[in-house]
Amino acid sequence: MSQGDITFAGPPGARAAATLGLLRSELGLTFRRLRTLVLLGVLAAVPVLIGVVVRIETGDGSPAGGPGAAGGGGPAFMAQISNNGLFLVFTALAATLPFFLPLTVGVVAGDAVAGEASAGTLRYLLVAPVGRTRLLLVKYASTLAFCLAATLTVAVSGLVTGALLFPAGELTTISGTTIEYSEGLWRALLIALAVAASLAGFAALGLFVSTLTNSGIAAMAGAVGLLVTVQILNTIPQLDAVHPYLFSYHWLSFADLMREPVLWDNLYANLRLQGFYALLFGSAAWARFAGRDISA
Amino acid sequence: MAPYESAQRTEGDEDRSAGRRRVTRYAVPVAVAGVAALTIGLVPALADSGDPDLPKISAQQLIEKIAASDQQQLSGQMKISTDLGLPSLAGAAASFAPKGVDGEGGSAAAPDEKLMELVSGTHTLRVAADGPDKQKLSILDDAAEYSIIRNGSDVWAYDSKSDEAFHAEDGHAGKDGHAGKGEKPEGKAPEGMPTTPKELADEVLKAADETTSVTVDGTASVAGRDAYQLLVEPKGPGSTVGSIRIAVDAENGVPLKFTLSPSSGGKPVVDAGFTKVDFAKPAASTFEFKPGKGTKVTEADELEKQAPKGPKGDALPFGGKLHKDGKNAEGVKVIGEGWSSVAVIDTGAKDGVPSSKSGELPPEAGQLLDSFGDKVTGKFGSGTVFSTRLVNALMTDDGKVYVGAVDKATLLKAANSQQ
């Protein structure tokens, strides 16, 4: 049973239509906002930047990253870019996943409820014939849509830049085997989806933070602050007993899709972890939001 | 403004206070957390389905089973955990390891240095084999992989992190023999560094004589396969090796798991076993390697010119038996028999351990070295004992090195007996 039963007494079909309408307007609101477009633009610039730098550095035939890169400095897959442009997609995702991508998600998720509250529009939203539970689900769905859009932005920008600057064709997996370019494209898509799914847990956490306050800025800062804290905790070796429970623990597992055969264990573990975070903080957000006095 | 919700979840129980309802709502996330915690706690316990029931066999039969095993095709995933108790992993390991003699190789993809990483920590490995000609061993890392691929006469090593490859023709490939044994993809592993259960088991069985007790100790389930457990224990005192346990597939005799526990107790020193194993033929493409356009390829011939061949690896103590051949390096002598044998290496360096006193090293480095070891004196003069959980080494000030998988007292006794 949901809020809809009380706030809207129409037939179920109409209720679904109302939810869909709300979702559509939510998506339009998110993706038409100038801030969102700027965030996506910045994300799209990252692969271009990496691609140009690697291209300049390897222009004389030396391996990527110069002599110092032998130890594997820089983000994952950096060294392989000069082999095949498709690796720029993976490098760009590996470079943006630790902070950049979740940062943008934190901004969007943190703003989801608190932004409406601080703009004074939340009460009008609640007048719509959709219950609070559904409103929250719609907010989460549009945040997830942003996760996917942000990831695909990085991936597509990396794909185009890589194709322009570097050779295409067969590519070598990190296991040393060779796969066709079409197979590589398929894996790039899977990787983008895996990265987008990696952000689901943090998106739920951001949404929960967003229900705690009436200030959009405070919610964004809170979500991003949590992200930074978790990522710092992740680098402290003494805390390795805690690490498996942090939402970013399996983030790099998307790279396992470039093994041959694919190593699914960590990818599944990541999905389980993200599902747990989504359920935990989704239900916490619901508990908070459904019982809250909306005064703004 | 009053909250909008009035009766959801409580089915018309209108008397409940708003506070009550709020508590009920917060019970949902708490329940989610509780279920997750229970799952984490219970699933491993439930998954442990107990040891399989298998007909009893003797140790002799089991060893024969291993020897008769001609499983040619195999692929699987292994986990190897090594805890030698070295003070600081990489640096100290290098100082004990034979690689120190070799100098730095010219390629990040050269196998020897990579395999040294296995000496500490936990690693996930993938192995695949298809007959004597095709083997592959991969060390899985975060977003990177290091693979050694043998396909016919070609041996490739590929380091995806640095995108560098290493190529050798069979002649240069080191110990690629053991044809027909099936699962020896790590043909290029330095000697004394066995990396699959099979190879580890071979070493141990070679050591089985009157100093060793070999028994069958029940059954186990490894990577979903039913297995017998072979238990190998040193009989005499003085060895740091407590026991060695090898799980052998009950069906085809392939060793699936190897565990070496120190006599001092605690966590195993080496724990290597399959987490997944498949005895079907691996895809042919698994063994094909073609360097990409930008991949830096180092040929083995070039490397050999750069680095003179050092003595074969012998620092690792699996049974301490490797020295017995006496052919590893000049100046190596073995004192004692069986598990408590101690190798003596005369380095010829009269200064012994570089220490803060000798002035060869900056004082800080000398102090660091000193802090790893204990100063000792005896009939052999004075020296420094470096201890790990498995190997103890004594470096005397007159340049002799005593190494063995024996405790410190046995080591000092052996050193004294030489004077």
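User: K267(B), buried or exposed?

Analyst: K267(B) counts as exposed because its relative accessibility is 53%. Exposed means over 50% relative accessible area, buried under 20%, and partly exposed in between (1.4 Å probe, protein chains only). This is a predicted model, in which local features need pLDDT of at least 70 and side-chain atom pairs count only at pLDDT 80 or more, while totals for chains, interfaces and linings use all residues. Residues are numbered from 1 along each chain as its sequence is written, chains are lettered from A and ligands numbered from 1 in the order written, and side-chain values use heavy atoms, without hydrogens and water.

User: Which residue forms a salt bridge with K267(B)?

Analyst: D83(B) does, with the closest N and O atoms 3.7 Å apart. A salt bridge here is a side-chain nitrogen of Lys or Arg within 4 Å of a carboxyl oxygen of Asp or Glu. The two residues are 184 apart in the chain: D83(B) sits in the loop between β1 (73–82) and α3 (89–96), K267(B) in the loop between β10 (255–262) and β11 (270–278). Helices (H or I, at least four residues) and strands (E, at least two) are DSSP runs, numbered from the N terminus. D83(B) is partly exposed, as its relative accessible area is 23%.

User: How many salt bridges over all chains?

Analyst: The whole structure has 20.

User: What does R187(A) pair with in chain A?

Analyst: R187(A) forms salt bridges with E183(A) at 3.0 Å and with E260(A) at 2.6 Å. The second pair joins distant parts of the chain, helix α8 and the loop between α10 (216–233) and α11, 73 residues apart. E183(A) and R187(A) are four residues apart in helix α8 (residues 181–198), so about one helical turn separates them.

User: Is R187(A) buried or exposed?

Analyst: R187(A) counts as buried because its relative accessibility is 6%. E183(A), at 29%, is partly exposed, and so is E260(A), at 25%.

User: Changing topic. What area is buried between chain A and chain B?

Analyst: About 3800 Å², with carbon and sulfur atoms giving 56%. Buried area is the accessible area (1.4 Å probe) that two parts lose on being put together, summed over both. Each chain is represented: 45 residues from chain A and 45 residues from chain B are in the contact, where contact means heavy atoms within 4.5 Å.

User: How many salt bridges between chain A and chain B?

Analyst: Three. One of them joins the side chains of R259(A) and E145(B), at 2.8 Å from N to O. On the chain A side, α11(A) gives the largest share of the residues that touch chain B, ten. By class, that side has 24 nonpolar, 14 polar and seven charged residues. Ala, Val, Leu, Ile, Met, Phe, Trp, Tyr, Cys and Pro count as nonpolar, Asp, Glu, Lys and Arg as charged, and the others, Gly among them, as polar.

User: Which members of the largest nonpolar core touch the most others?

Analyst: F77(A), F90(A), L101(A) and F254(A), out of 82 residues. Helix α11 (residues 265–290) of chain A gives the most to this core, eleven residues. Such a core is a set of buried Ala, Val, Leu, Ile, Met, Phe, Trp, Tyr and Cys residues joined through side-chain atoms within 4.5 Å.

User: And what does F77(A) touch?

Analyst: Leaving out residues up to four places away in sequence, its contacts include F87(A), F90(A), I174(A), F254(A) and, from the other chain, A143(B).
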